[in-house]
Amino acid sequence: MANSNLTSNAPAFSRTAINLADPRLGARTVLSSDDFFAPMSRMLDPEPAVFIAGKYDENGKWMDGWESRRKRVTGHDFCVVKLGVAGQLFGVDIDTSHFTGNFPPAASIEACQSDDDIPGPQTRWVEVLPAVALNGNAHHFHAIEESDVYTHIRLNIYPDGGVARLRVYGRPRRDVSRDSDVDLASAMNGARVVTANNEHYGYASNLLLPTRAANIGEGWETRRRREPGADWCIIELAVPGEIHTVEVDTAHFKGNYADRCSLQGAIVKSSTDESLVTQSMFWPVLMSEKKLDMDRLHAFTPELVEPVTHVRFNILPDGGVSRLRLRGRPSCSA
């Protein structure tokens with residue numbers, strides 16, 4: 001069974017960017033106009049929404065998401081989310097799974113920069129997604145083209161109703177160039193997965209999450225390989241740097257962990273994401289093949305230490321890895 005978080009029409013930003021609205025990163029809902037039927041916090045649950053027939057609470061049918069009451073006055077409902085980390089926005093998924101007769105017909109998104117948990121009345125909000133039509137029981141992916149860095153988003157629904165899940169895909173922006181030791185592959189520091197050859201059971205971007213995986217569904221897992229070769233993913237580091245320690249975590253992977261791994265790297269000054277696939281095959285080997293064990297955190301020392309901007313992480317022949325940490329020193333010479 002393929003990863004239940006994946007959808008057949010999911011765009012690239014949902015596979016390569018991090019969900020800035022993930023509570024595991026510290027994101028939380030801080031304000032809503034109304035969440036009478038279902039609490040706003042439920043909308044950020046990292047697990048896919050579920051429907052439980054026959055389940056009711058004191059206010060009516062239990063729904064897995066945020067749901068406001070039927071509006072009997074003018075206006076619209078909204079929910080404010082403080083992102084787990086400030087970042088640049090690439091796109092969103094407004095998911096109305098299981099909401100059929102009670103979904104909002106339209107929604108829009110605004111964003112702001114604020115040092116406060118709840119932005120004040122003088123906060124300047126920027127519309128990053130104009131009002132779009134919504135359907136019931138569906139994912140709604142929309143790209144966002146914004147170069148600014150934001151700390152909060154506000155989801156407006158017109159006029160009322162329920163949203164099962166909200167994903168806000170983006171790239172954290174932190175200045176780690178002055179740190180002496182940093183995880184160059186952490187999504188929280190701005191690293192990103194450029195592409196991967198296979199993500200049948202889980203996205204490669206999971207490798208870069210800051211917390212240890214809670215289960216195999218939170219890792220990168222490929223299908224069973226029936227031909228020669230290896231699976232791989234390409235990662236753009238948060239900043240150019242020299243990698244001195246490679247940590248590979250196979251937590252929760254037991255009968256399906258990757259048997260071996262290796263690491264290649266290079267300085268890429270200018271290139272499209274697509275062209276990196278072929279280039280990466282010939283990048284210098286930073287760390288030769290290392291044996292992996294199931295459900296274990298491994299630490300390796302690379303044989304070659306030099307400044308790189310991108311790495312190719314190879315798993316042989318296939319399988320799953322939950323996290324990858326590339327600890328090193330930012331380099332000004334790359």
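## Domains

In this predicted model, the domain assignment divides the chain into domain 1, residues 12–172, and domain 2, residues 182–330. Their C-alpha centres are 31 Å apart. The contact draws on 11 residues of domain 1 and 16 residues of domain 2.

## Annotated spans

An unreviewed UniProt entry places the feature "domain: Allantoicase" at residues 26–172 and 190–330.

Residues 26–172 are 0% helix and 48% strand, with 13 Å between the end C-alpha atoms. For residues 190–330 the content is 4% helix and 45% strand, and the end C-alpha atoms again lie 13 Å apart.

## The interface between the domains

Domain 1 and domain 2 bury about 1200 Å² between them. Carbon and sulfur atoms account for 53% of this buried area.

Two salt bridges are counted between domain 1 and domain 2. A salt bridge in the model pairs Arg 24 with Glu 218, and their closest N and O atoms are 2.6 Å apart. Three residue pairs are in polar contact across the interface of domain 1 and domain 2, with both residues of each pair at pLDDT 80 or more.

## The domain 1 side

On the side of domain 1 that touches domain 2, the elements giving two or more residues are α1 (13–16), β6 (77–95) and β12 (165–172). Of these, α1 gives the most, with three residues. Sorted by class, this side of domain 1 has five nonpolar, three polar and three charged residues.

Conventions:
Residues are numbered from 1 along each chain as its sequence is written. This is a predicted model: local features need pLDDT of at least 70, side-chain atom pairs count only at pLDDT 80 or more; totals for chains, interfaces and linings use all residues. Side-chain values use heavy atoms; hydrogens and water are left out. UniProt positions are given in the numbering used here, feature names are shortened, and annotations may be inferred rather than shown by experiment. Domain bounds come from an automatic or database domain assignment. Contact means heavy atoms within 4.5 Å. Buried area is the accessible area (1.4 Å probe) that two parts lose on being put together, summed over both. A salt bridge is a side-chain nitrogen of Lys or Arg within 4 Å of a carboxyl oxygen of Asp or Glu. A polar contact is a pair of N or O atoms within 3.5 Å; within protein, one must be able to donate a hydrogen and the other to accept it, and residues adjacent in sequence count only if both atoms are side-chain atoms. Ala, Val, Leu, Ile, Met, Phe, Trp, Tyr, Cys and Pro count as nonpolar, Asp, Glu, Lys and Arg as charged, and the others, Gly among them, as polar.
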